Amino acid sequence: MIGRLNHVAIAVPDLDAGVATYANVLGAKVSDRQELPEHGVTVVFVELPNTKIELLEVLGENSPIAPFLERNPAGGIHHLCYEVDDIIAARDRLVSEGARVLGDGEPKTGAHGKPVLFLHPKDFCGTLTELEQV
Ligand code: CO
């Protein structure tokens with residue numbers, strides 16, 4: 001059911017520093033910043049030949065990544081995102097398998113303007129898992 005790895009997301013305490021690490025030290029191409037108030041994060045995407053790295057910084061209050069950064073003050077891998085063809089069909093199948101969808105269970109619009117859902121880490125080997133319809 002799942003397709004390509006769309007991105008690996010890394011939460012960072014300082015987005016400018018994260019961008020500098022990827023752009024200057026690692027020599028990667030990094031997108032412009034994008035504020036996503038609905039998701040409580042500011043993001044950039046590092047474009048790699050085979051996938052992307054999403055760097056996440058807290059935006060506003062009640063950011064979903066704030067507790068993660070409290071536990072991991074230097075930052076760390078926050079979630080993986082897999083592509084699916086049909087996010088509603090994927091969700092319904094996963095729910096029927098006993099997986100938990102975070103939030104109200106309905107897709108939200110993600111950073112690429114496409115529907116996304118997040119799945120409970122305890123149901124996926126301890127890893128917060130995002131699905132994106134492509
Ligand atoms: Co993501």
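**Notebook: strands, cores, a helix and its salt bridges**

I started just after helix H3, where Gly98 takes a positive phi of about 95°. I kept in mind that this is a predicted model.

**Entry 1: helix H3.** At the N-terminal end of H3 I noted a cap, Asp86. A side-chain oxygen of Asp86 lies 3.1 Å from the backbone nitrogen of Ile88.

**Entry 2: Arg91.** Is Arg91 buried or exposed? Its relative accessible area is 13%, so I count Arg91 as buried, the cut-off being under 20%. What does Arg91 touch, leaving out residues up to four places away in sequence? I listed Val101, Gly105, Glu106, Pro107 and Leu117. With Gly105 there is a polar pair: the backbone oxygen of Gly105 lies 3.0 Å from a polar side-chain atom of Arg91. Arg91 also meets Asp92 in a salt bridge, 3.1 Å from N to O. Asp92 is partly exposed, at 40% relative accessible area.

**Entry 3: strand E6.** I moved on to E6, residues 76-84. E6 runs antiparallel to strand E1 (residues 5-11), and six bridges join the two. In this pairing Ala9 has His79 of E6 as its bridge partner. E6 also pairs with strand E9 (residues 129-133), this time in the parallel sense, over five bridges. There I saw Glu83 opposite Glu132 of E9.

**Entry 4: the cores.** Ala9 came up again in the largest nonpolar core, which has eleven residues. Among them are Leu36, Val43, Phe45, Ile65, Phe68 and Ala111. Which elements give two or more residues to this core? They are E1, strand E4 (41-47) and helix H2 (66-71). E4 gives the most, with three residues. I also checked Ala9 for contacts beyond four places in sequence and found Glu54, Leu56, Gly76, Ile77, His78 and His79. A second, separate core has ten residues, including Ile10, Leu15, Tyr22 and Val46.

**Entry 5: salt bridges.** How many salt bridges are in the whole structure? The search finds six. I followed a network that links Asp16, Arg33 and Glu57. Arg33 and Asp16 meet at 2.8 Å, N to O. Arg33 is in the loop between strand E2 (29-30) and strand E3 (34-36), while Asp16 is in helix H1 (residues 15-25), 17 residues apart. Arg33 and Glu57 have their closest N and O atoms 3.7 Å apart. Glu57 lies in strand E5 (residues 52-58), so this pair ties together parts 24 residues apart in sequence. Glu57 is buried at 16% relative accessible area, whereas Arg33 is partly exposed at 43%.

**Entry 6: Pro73.** Last, I looked at the loop between H2 and E6, where Pro73 has its place. Pro73 counts as exposed, at 59% relative accessibility. From Pro73 to Val8 I noted 65 residues in sequence and 18 Å in space, C-alpha to C-alpha.

Methods:
Residues numbered from 1 in each chain as written. Predicted model: local features only at pLDDT ≥ 70, side-chain atom pairs only at ≥ 80, totals over all residues. Heavy atoms only, no water. Pairing = 2+ DSSP bridges. Helix = DSSP H or I, 4+ residues; strand = E, 2+ residues; numbered from the N terminus. Core = buried A, V, L, I, M, F, W, Y, C linked by side-chain atoms within 4.5 Å. Buried < 20%, exposed > 50% of the residue type's maximum accessible area, 1.4 Å probe, protein only. Contact = heavy atoms within 4.5 Å. Polar contact = N/O pair within 3.5 Å; in protein donor to acceptor, adjacent residues only side chain to side chain. Salt bridge = Lys/Arg side-chain N within 4 Å of Asp/Glu carboxyl O.
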